[in-house]
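Reader: Let's go through this one together. Could you put the structure up before we start?
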Amino acid sequence: MGICNVHERELPVPVHTVGALIDGLASAHDPLWPGRDWPPMRLDRPLGEGASGGHGPVRYTVVAHVPGTWVRFAFSGPRGFDGFHEYTAHALGEQRSVLRHTLAMRARGPARLSWPLAYRPLHDAVLEDSLDRAEFACTGRVVRPARWSPYVRLLRRLYRDSRDSAAGTGISGAAHGAEG
């Protein structure tokens, strides 16, 4: 099953400002990844080619990085995720740009079910939260904040409960005022 999933946000800032957000991924003060409300993005070294890590059960390696412009991560897990995800910055003019996240992969084996049933709704929610963080970092506000669907809240609760049972940890769920 071929998958192409794109999320983007137009921002009223120069492209170098958006590129700086990308370059901050997995850093101590990551301005882009919503690690307070989702499993944090962690890499074994600073963002750059060869760095590996992931977030939650999703594992990947940085296979390309053009500072201020683009980073691509190739999946190494979960099983059946064959492809990549990337953030890119695109100029629309001197003071306007687009931050885009693209996921392109072939789902095989167990991922043919896990992607549509669990990973896609969670992926869509975390990416919209990431774009909200970008908008806030660039403007100081978010015009239309993302909201988690009841299904995403259920999946998060199930994930948190399974993590709590297995390791005594869970996902922070204080944001969005949507946990109930």
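Reader: Start with Arg156. Which ring does its charged end sit over, 4.4 Å from the centre?
Author: The ring of Trp38. A charge counts as sitting over a ring if NZ of Lys or CZ of Arg is within 6 Å of the ring centre and within 35 degrees of the ring normal. The charged end of Arg156 also sits over the ring of Trp148, 4.0 Å from its centre.

Reader: Before we go on, what am I looking at?
Author: This is a predicted model, in which local features need pLDDT of at least 70 and side-chain atom pairs count only at pLDDT 80 or more, while totals for chains, interfaces and linings use all residues. Residues are numbered from 1 along each chain as its sequence is written, and side-chain values use heavy atoms, with hydrogens and water left out.

Reader: Fine. How many aromatic pairs does the structure hold?
Author: There are 5. Rings of Phe, Tyr and Trp (its six-membered ring) pair if their centres lie within 6.5 Å; planes under 30 degrees apart are stacked, over 60 edge-to-face, the rest tilted. One of the pairs is Phe75 with Phe81, which is edge-to-face at 5.6 Å centre to centre and 90° between the planes.

Reader: Is Phe75 buried or exposed?
Author: Phe75 counts as buried, at 12% relative accessibility, and Phe81 is buried too, at 4%. Buried means under 20% relative accessible area, exposed over 50%, partly exposed in between (1.4 Å probe, protein chains only).

Reader: Which residues do ring pairs link into a cluster?
Author: Phe75, Phe81, Trp115 and Tyr119.

Reader: Switching to H1. Which of its residues are buried?
Author: In H1, residues 15-23, they are Val18, Gly19, Leu21 and Ile22. Seen down the axis, these buried residues fall within an arc of 150°, taken from the directions from the helix axis to the C-beta atoms, so they line one face of the helix. Helices (H or I, at least four residues) and strands (E, at least two) are DSSP runs, numbered from the N terminus.

Reader: What do they pack against?
Author: Strands S1 (2-11), S5 (70-77), S6 (81-91) and S7 (97-107), plus helix H2 (111-139).

Reader: And the core? Which residues touch the most other members?
Author: Leu25, Tyr87 and Leu99, in the largest nonpolar core, which has 37 residues. Such a core is a set of buried Ala, Val, Leu, Ile, Met, Phe, Trp, Tyr and Cys residues joined through side-chain atoms within 4.5 Å. H2 gives the largest share of this core, 8 residues.

Reader: What is Leu25 in contact with, beyond four places in sequence?
Author: Asp30, Leu32, Trp33, Met41, Leu47, Val71, Phe73 and Tyr87. Contact means heavy atoms within 4.5 Å.

Reader: Phe73 again. Which residue is its bridge partner?
Author: Val62. S4 and S5 pair in the antiparallel sense over 7 bridges, where pairing requires at least two DSSP bridges between the strands. Their hairpin has 3 residues between the strands, and Gly68 there takes a positive phi near 75°.

Reader: Where is the cis peptide bond?
Author: Between Gly77 and Pro78, with omega about 5°. Pro78 is in the loop between S5 and S6.
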